[in-house]
Amino acid sequence: MRQIDTLIHARWVAPISGGSRLLENHAVAIHHGMIEAVLPSEEACTRFDASEVIDRDTHLLIPGLINTHTHAAMNLMRGIADDLPLMPWLTEYIWPVESEFMSPEFVADGTDLAMAEMLRGGTTCFNDMYFFADVVAERVEAAGMRATVGMIVIDFPTVWAANADEYLEKGLALRDAWRGHDRISTVFAPHAPYTVSDAPLKKIRTYADEMDLRVHMHVHETAFEVADAQEKHGQRPLARLDDLGLLTPNFLAVHMTRLTDDEITLCARNGVHVLHSPESNLKLASGLCPVQRLIDAGINVALGTDGAASNNDLDMIGEMRTAAFIGKVAADDAGAVSADTVLRMATLGGAEALGIADTTGSIEPGKMADLCAIDLDALETQPVFDPIAALVYNVIREQVSDTWVAGQRLLADRQLTTIDEADIKARAIAWQHKLAAHSKDAS
């Protein structure tokens, strides 16, 4: 018998790739953080001698969820300015709070809070766009999660950088510091077409081409953004980005709620990935992304929550349900954006968008053991005719029992193993008091 680290037996396994939609009574063998085999449980018991055997006989085992669009530290601003459209929300509330409180400590505590929430909801990897990206990377390393950390660029000064050139310098230093890490990668993260001018975008395009790095950007989020761009630049944002050479297979376009048929064709032709954040789009009344039309055009669509300040959670299971429901409405077709489709968006689709599909996103030998176990034995999910449909349409994130990243169990029987839950909760409450006092003084 082969000696391995961990053997996980599950009632169902959804591998996402490899030809099988759903495997029953299967096991996943893990050694040195990687998946060794996926095979029937009975056979696994004769082939492997595991140091740890975990039985999940009422559970669905899926690849760890990949949240492709976050501003993790904004968890500390959850609920600070609700029921507002995007631009007033940003300019009158979020940016003033960031101007007053942004610091390495704020980002560290906010990121820890976000990671705790994500791990408890089955998310193993996230793609972040925020200030003090070096701090974000350090917190990810400490927690054991997987992340793509954004090298943010904005034209205007913040406590993080004085101008676009300094943002780029700090971003490139971040890339050099974490290059080659097995769980942490970097992307360029220009905020949006309306906050980044042509000169830094041209530099980003050059660097991205030379380094083969992704570019993560909010694009066509609202009707106002598109109309404002036409007035200021004489063209829609996607046309401008195309002229700058940014629309390539390395481009990750977030939101994309306002699209013409020609723009969908343009994105498909250039291999652009779309990062869909349905709940944030709904809450800010930004619009509906035409997900099924994008998929039909051959575009890879991944899923993200956006930040908790505009969602107001980082619940990828809830995001899958919302994506499926509004995708059907947007397409006027109950068969559009199926349960299988959104599960792929939340796993392998995200890995493909981030350029890490050879590492994670599906349950197959040779990939890292990034996994999530969900208990389907709850009364509210009975009876279970189709475990994948049950996951998307019935499950709540509290049914996630275990989460692994590279074979390390970061959530075990609902308990975090690398983040002190009581400590991060106390830090979050302390920030609540500071921000509430600021809001009272400002009023």
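**View 1. The loop that holds N312.** N312 sits in the loop between strand β12 (301-303) and helix α12 (316-331). Helices and strands here are DSSP runs (H or I of at least four residues for helices, E of at least two for strands), numbered from the N terminus. The peptide bond that joins N311 and N312 is cis, with omega of about 20°. As background, most peptide bonds are trans.

A word on the model before we go on: it is predicted, so local features need pLDDT of at least 70, side-chain atom pairs count only at pLDDT 80 or more, and totals for chains, interfaces and linings use all residues. Residues are numbered from 1 along each chain as its sequence is written, and side-chain values use heavy atoms, with hydrogens and water left out.

View 2. The peptide bond from Q382 to P383 is cis, and its omega is near -10°.

**View 3. H255 in strand β10.** Strand β10 covers residues 251-255, and H255 belongs to it. Is H255 buried or exposed? H255 is buried, with a relative accessible area of 0%. Buried means under 20% relative accessible area, exposed means over 50%, and partly exposed lies in between (1.4 Å probe, protein chains only). The phi of H255 is positive, near 85°, and H255 is not a glycine. Most residues other than glycine have a negative phi.

View 4. D332 lies in the loop between α12 and α13 (339-345). D332 is not a glycine either, yet it has a positive phi of about 55°. With 73% relative accessibility, D332 counts as exposed.

**View 5. Stepping back to the whole protein.** The protein has 16 helices and 16 strands. Along its principal axes, the C-alpha trace spans about 65 × 50 × 45 Å. How many of the 443 residues are buried, as a percentage? Buried residues make up 59% of them. Among contacts with a separation of 6 or more, 73% come from residues 24 or more positions apart; contact means heavy atoms within 4.5 Å. There are 35 positive and 65 negative side chains, and the centres of the two sets lie 1 Å apart. Lys and Arg count as positive and Asp and Glu as negative, while His and the chain ends are not counted. Each charge is placed at NZ of Lys, CZ of Arg, CG of Asp or CD of Glu.
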